[in-house]
Amino acid sequence: MVDYLLLLVGTVLVNNFVLVKFLGLCPFMGVSSRTETAIGMSFATTFVMTIASLLSYLVNNYILAPLGLDYLMTMAFILVIAVVVQFTEMVVHKTSANLYRTLGIFLPLITTNCAVLGVALLNIYQQHNFFESIIYGFGAALGFSLVLIMFSAMREKLASADVPMPFKGPAIALITAGLMSLAFMGFTGLIKLQ
Amino acid sequence: MGSILARIKQGRWWKFHGGIHPPEQKFLTMHKPIRNLPLPKVLVLPLKQHIGQKGDIQVNVGDNVLKGQPLTNSPHPMAVPIHAPTSGIITEIKNTLVAHPSGLSELCIFIKPDEKEEWVARHICQDYKQLSAQEILTKITNAGIAGMGGAGFPTNVKINTKVATKFLIINAAECEPYITADDLLMREHSSEIVDGIKILNKVLSAEQILIAIEDNKPEAIKALKKVTGSLDNFHVCVIPTIYPTGGEKQLITRLTGLEVPQGGLPSALGIVVQNVATCFAVADAVINDIPLIRRVVTVTGKALEKPQNVWALLGTPIKHLLTQCGYQKQSPEHLIMGGPMMGFSLPSIDISITKTSNCILAPSTKEIPKDNNEVDCIRCGQCADVCPSQLLPQELQWFAKAKDHDQLQKFNLFDCIECGACAYVCPSQIPLVHYYRIAKAEIRQQQQQDLKAEKAKARFEARKQRLAQEKIKREEKHRKAAEARKAAMNSNTAQAKDAKSAVAAALARAKAKKAQASDDNNDKKSQVSAAIARAKAKKQAKDGIATNKTTTAKTSDRLTKEKNADDQEVLDSITSSNTETTKPNTKKQNSNDNNNETATKEKVLTKAEKIALAVAKAKAKKAAENSSTHHTDSNLNSIDNDINNQNNTDDINAKKQRIAVAVAKAKAKKQQQSTESKNNQSKESS
Amino acid sequence: MSILIAILVLGGMCLFFGALLGYAAVKFKVEGDPLVEQLDALLPQTQCGQCGYPGCKPYAQAIANGEAINKCAPGGEDTIKKIANLMGVDVQPLDESHAQDNTPKVAFIIEEDCIGCTKCIQACPVDAIIGAAKQMHTIIADECTGCDLCVAPCPVDCIKMIPIAQTTHNWQWDLNRINVKTIDADDYSNKQSNNVKTNTTEEVNV
């Protein structure tokens, strides 16, 4: 049980996907201009990542591995992720037309979000079991959501602040992201294993 | 309630967040008595001196009015009347500059005092304790009393609450650094003020009366304690001096620890707050039947030789007050109405005193520099420390600058009382309050626009629905009528036969009439044929352009002719409606020469001619824009004709002329449209 | 052989997931479009038709179907910004051909010139003109949206658009003109020098 908790905290803070592993930077920069959108994106990504890591574990362990088709892993995972994203898109469209519109192109782009594929592949490489896979996927998504929402809140403030002319727009956003990344480096060594 | 009272008795006050101690400048005026001023040469009374509606004017220019006579009247509860401050003659009623930061004009009544000070008949009340609450309310309403602390909310509305009142708070805090008007009033008229409070309390029947006064007014405190000493539910609350204690919500928190909910009124908590000067005015109105015609104004600032509190009649021009107090003109001139914290710069010195103006501040250039040294925010956060409404002024400032209205409302901009504490402490000298004021005004306007859009949408939808219904009804009617006819025709009765023959007869009649008309009316016929010819010519012209460019010259020739005919028609209509036409003359003109043109222009033009000329010019312009040069030529011809014709007519009936102009306009417009559409067509076809 | 297995496995997965998505597509089918209502609420409801559509609602419908968002002249930049926000697209400058100065205006009938033709009444989208045939017409200024539509049909050009006058009611604070300053801390008498603190550290509970 403690292992699971450690895995979760470790994935969210210490090995944060965005700020430490630098995965999923595209939506991190793309949908962080408004907090509302960022929250919506966080939910969608959390859903996709958790389900995708679950499914990819199943696909790998019960279909690919027994048949010795490990070399098809990437392809199969992308297929799984694409399906989950498509499914999510339908659900989002049905439940919140507004969110659907504001997420726009970034919703289908979750498919190509390297964090999602990253989670699926890392699960295999780190030889997580079924539950660990789910927790790893969920933790990664949680970490992604955390920094995305924090970052969007900062960007909202920055939008109306008197930023010097050369730093306006993406420049100051990238600097902010860099500073956040530095801050997250501080979590290294948070958990000490006996 | 009990614990609140206990604390009040012990002098233990709650605190409100923030607040500042601006350097006090009350010593300029606080040691001098209130001075009476000589009458000014003219009094300018804005119709609206409070929050709400303005009343209807009851007097006319040239009327003699007596002192205290009501000048406006309205049944609307939010419209308080104004009264003549002295006897005199109404010289003007017009729009002029009013005491408003915008420097915009509003309707004002100008009174020239006759120096007699003749009163209107008054009913002095011997014993106000006999009056019922309703009588008191009526008296206060008729006296035109509105809150004199600054906002100017009608007093009769404020005290007419349905909720049981626990506390009547009398606001004598007067926290603005320069103002001493209430201080002096309390020192000189404490018994009247207490009478006023008692009268108000007859209406409100509050359980406790708290007179809140800051500890920097020792003499006023002494005076009030003396007159209220024997009364058991009166409490003179001496509170520490901190700006802005005088804000309604802050004062309530200070005294009772209660907080007025967002968007709510103090009456929801069973609290009514009245300004001390209002109490004096109430006493004057109810006991002496003197309506609100004067007030104490602090005229202060270092640009004055003798700053002092004065009794100013409402409508007294500020210029008069300043001259009386020895104003030395500053450059740049800078006058503030209200205190330095919450007041506004006056756009002109000719503005008059209203019910809410408690202070005129004429600072020296050194005292309050006028230049704006705003620099960038350094995010020190001092503004948030001093904000009495616990807002985040810095955040608000960013959003106000970015015009992010949603965020502004999310950050409770409308809870800002515009006290100016944030701007006062700002080391970057950012005029924060002004950003908020602008943002508030914009948001309010946006809300109004949204309302209007909502209304427009409803009306649009209603119209659409109505049109659709009308259409259905019409169709239904037609169908029914057709059915009825059919039924009647087919029914083969005598009646039906009658009907048939009647129809036949009618048809015959119509035919005969038509034939007759065509015979009789040669003019009409010729016109019709002319029109047909014109249409043909146009068609040809169009074809010509489309098929072959070499024929253009030819077609434009035709067009010219046709145009001439057109113009002739317009002319005819004008001339025929004016007087006998001079057709030979016109025709001669048509052949055109330039001498004629100049000759006509030299002639003196009557008004009618001018109109005709304008019409002709407009026509020419339109023609020039839309058609070839040939057209313009012909039009110029017609202008000459017009003018010539006008010159020939000596006596012109104005109405006929107007009709003619209208017709001419209509024709010109039609012509323009037809040429346009023709051009478009030819463009398309080519 | 292994290639065949691989193809079969992938094909099977594709089929399965395809069927799943197909089912989901039926199950989560979206009916109607709440967007039109939201867009309509953002438009200024002048019903002026300058966007090329007969009213604000049809234009909202058109935007939802992919029409350009920058055609609303009366709404101006503000409206475009709001629509862009809602649609999640970039703000575009107002379309040149639809540009106009959008100071609020109301129509005004020059009553001496009016011939009572009722043409403007038929043109008014919000029924803001009253009058009857051969009677002089007039405009209810409060209801007029300033859409301009009555100007063109008038045969005698007696309708003009006048800007709404500024009064103390609709006046907006002007930062440049108004400049009330707080008093300067250097310039006060020594008497109160112990009062300079600018916070609430004073004793409250005596």
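Of the 194 residues of chain A, 40% count as buried, where buried denotes 20 or more other C-beta atoms, placed from the backbone, within 10 Å of the residue's own. The model is a predicted one, in which local features need pLDDT of at least 70, side-chain atom pairs count only at pLDDT 80 or more, and totals for chains, interfaces and linings use all residues. Residues are numbered from 1 along each chain as its sequence is written, while chains are lettered from A and ligands numbered from 1 in the order in which they are written.

Chain A contains 8 helices and 0 strands; helices (H or I, at least four residues) and strands (E, at least two) are DSSP runs, numbered from the N terminus. Its C-alpha trace spans about 60 × 45 × 30 Å along the principal axes. Among contacts in chain A with a separation of 6 or more, 80% join residues 24 or more positions apart, a contact being a pair whose C-beta atoms, placed from the backbone, lie within 7 Å.

Between chains A and B, the contact draws 4 residues from chain A and 7 residues from chain B. On the side of chain A, these are 2 nonpolar, 1 polar and 1 charged. Here Ala, Val, Leu, Ile, Met, Phe, Trp, Tyr, Cys and Pro count as nonpolar, Asp, Glu, Lys and Arg as charged, and the others, Gly among them, as polar.

Chain C is divided into domain 1 (35-98) and domain 2 (103-166), with bounds from an automatic or database domain assignment. Their centres, taken over C-alpha atoms, are separated by 25 Å. The contact between them takes 6 residues from domain 1 of chain C and 7 residues from domain 2 of chain C, and the domain 1 side comprises 1 nonpolar, 5 polar and no charged residues.

Helix 4 of chain C covers residues 76-87. Its buried residues are Thr79(C), Ile80(C) and Ile83(C). Seen down the axis of helix 4, these fall within an arc of 100°, so they line one face of the helix; the arc is that of the directions from the helix axis to the C-beta atoms. Their cover includes helix 2 (34-42) and helix 3 (56-64) of chain C. After helix 4 comes Gly88(C), whose phi is positive, near 70°.

Terms used
Two residues are in contact if their C-beta atoms, placed from the backbone, lie within 7 Å. The expected span of a helix is 1.5 Å times one less than its number of residues. A residue is buried if 20 or more other C-beta atoms lie within 10 Å of its own, exposed if 12 or fewer, and partly exposed in between; C-beta atoms are placed from the backbone.
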